[in-house]
Amino acid sequence: MKSIKVVLQEQFQNIYMIGRLSAYELKKSYADNVLGSFWIILNPLFQISVYWIVFGLGIRGGRDVAGTPFFIWLICGLVPWFFISAAILQGSNSVYARLNSVSKMNFPLSVIPTYVVMAQMYTHLILVAILLIIVMISQGFSHINIISLVYFMLSSFCFLISLSFVTSTLSTMVRDIHLLIQTATRMLFYITPILWIPSENMPELLKQAFSLNPFYYIVEGYREALLTGGWGLLASPYTLAFWFIIFVLLLFGSIIHVKFRKQFVDYL
Amino acid sequence: MSYKVKFDAVTKRYKMYNKQIDKLKDLLWNRGKGEYHYALNKISFEVEEGEIVGVIGLNGSGKSTLSNLIAGVTMPNEGSVDIKGTASLIAIGAGLNNQLTGLENIELKGLMMGLTKQEIQEITPKVIEFAEIGKFIKQPVKTYSSGMKSRLGFAISVNIDPDILVIDEALSVGDQTFTNKCLAKMNEFKEDGKTIFFISHSLSQVKSFCTKALWIHYGHVKEYGDIGEVAGHYGHFLKEYNAMSKEEREQLREKELKEFSHGLLSIN
């Protein structure tokens, strides 16, 4: 509990720093490319078109998902997933990759995962804006629940930061963990129903297990907010489970972060 | 008397691992056994304000570990380091980001050192003037020469105005003009009653500029005192050391380390 307090305090005390550093982080990642920040849109565009052709036109043969065109259904799930996967991968590597440049000064290391995830949030915001426009044009305004969308964006942000505290600390100390997380993220993409729809004849137990998957909660939340406009998922007990997971991650992450951060430099 | 920096029986040791898996085992079970490398061993000294301490010693004697401890980058395993005020470490290229421009680096480093927005705006022109890199200030740091990098790094650190300045070999890449400029700046610091640690292999620079000298030899303090005296002894030692053959040097090392661990045994 004390560790959580220390970590949260550092976040709020350095909020201006986090904002500026995340802006630089964003700048840095596209600085070397000729097309620059255009890649923020270009990269997802390529991925979406591949998934659409393979899964939408190929496997599903162009059939829609409960009245929604597959393409729209797909991008509503893929856009949050791009955010999730980028934040997990960058977050996990965040402390290790930056230790060299920050190690020569007295710097609150706990802001590193936060500003790295924050930088991913900016690109995510741009994609969500584009997504909103596409959904509005094709499906109309009536099914969009903006409040619920903002809630799911914020809650995924909190979730990813808490997760990054755990992963960044672990993968700084044991480098294998970072590779493990890379593999796990790739698997998670298929375990989480993003490209496929959990079928009706799946065993009930398996279905329950899937619903507890926090990533599924986020992806489903986005879809609900954009396509049906209801409050179903938000009002369900899964919200409690989701925030409980966030709390556990934050608690565990803060404890190990505070415990090991003085030794980070020695692990380089 | 009031001190600025106080080391009290400080020990910093690094465990030597043969395999990566041993590192993991250590994390999980916190075993004490294994082979250690003592970078610093039971070092004690005090430095008053307004002193410029030249830290001298052979390669691998623990100078950089000492500077990291003063700057708060790493923590000692035993003993305590007491620093009054903020310490800033200047090492070659530390904290500069290659992809960002010089100007952006000034802000970034300022932020990381905990400066406010106004403070950063205040120091920026001073840094640019001091670093003398002209129009390159708007170019990415990766295009800089090593001299330019170190000038920029030095200019930023100096203008951040720390209470304690640790200069780790950072002047060795600058040309004579810039070195003189830095020395002049450091004299200003001296008059302001700030404490400077100057780590250098150039005995003449240390002599001309420092008030005290700290001679570190294989992880312990060989001599600490007035610059003239210690530098004289060190110069004498260097002459002898250079004249030695490889075997003799090896013998000396063995002997020193043995005496040293003897001392340890009797203490324990």
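Okay, let's start with helix α1 (residues 2–13) of chain A and helix α10 (residues 237–260) of chain A. The axes of α1(A) and α10(A) come within 8 Å and cross at roughly 85 degrees. That makes α1(A) roughly perpendicular to α10(A). On the wording: under 35 degrees we say roughly parallel, over 145 roughly antiparallel, 65 to 115 roughly perpendicular, and the rest is oblique. The axes are lines fitted to C-alpha atoms, for helices over the stretch in contact, and the angles run from 0 to 180 degrees between N-to-C directions. Helices (H or I, at least four residues) and strands (E, at least two) are DSSP runs, numbered from the N terminus.

A quick word on the model. It is predicted, so local features need pLDDT of at least 70 and side-chain atom pairs count only at pLDDT 80 or more, while totals for chains, interfaces and linings use all residues. Residues are numbered from 1 along each chain as its sequence is written, chains are lettered from A and ligands numbered from 1 in the order in which they are written, and side-chain values use heavy atoms, leaving out hydrogens and water.

So who touches whom? From α1(A), Ser3(A), Ile4(A), Val6(A) and Val7(A) meet a set of α10(A) residues, including Phe247(A), Leu250(A) and His257(A). Contact here means heavy atoms within 4.5 Å. Sorted by class, that contact has 8 nonpolar, 3 polar and no charged residues. Nonpolar covers Ala, Val, Leu, Ile, Met, Phe, Trp, Tyr, Cys and Pro; charged is Asp, Glu, Lys and Arg; the others, Gly among them, are polar.

Now another partner of α10(A): helix α8 (residues 204–212) of chain A. Their axes come within 10 Å and cross at roughly 55 degrees, and therefore α8(A) and α10(A) are oblique to each other. Gln208(A), Ser211(A) and Leu212(A) in α8(A) meet Tyr238(A), Ala241(A) and Ile245(A) in α10(A). Those residues divide into 4 nonpolar, 2 polar and no charged.

Next, the two chains together. The contact takes 23 residues from chain A and 28 residues from chain B. How much area is buried between chain A and chain B? About 2500 Å², with carbon and sulfur atoms giving 64%. Buried area is the accessible area (1.4 Å probe) that two parts lose on being put together, summed over both.

There are 2 salt bridges between chain A and chain B, meaning a side-chain nitrogen of Lys or Arg within 4 Å of a carboxyl oxygen of Asp or Glu. Lys27(A) makes a salt bridge with Glu104(B), with the closest N and O atoms 2.7 Å apart. On the side of chain A that touches chain B, α2 (15–30) and α4 (70–102) each supply at least two residues. α2(A) gives the most, with 7 residues. By class, that side has 13 nonpolar, 3 polar and 7 charged residues.

Glu25(A) and Lys28(A) are 3 residues apart in helix α2 of chain A, so about one helical turn separates them. Over all chains, the structure holds 10 salt bridges.
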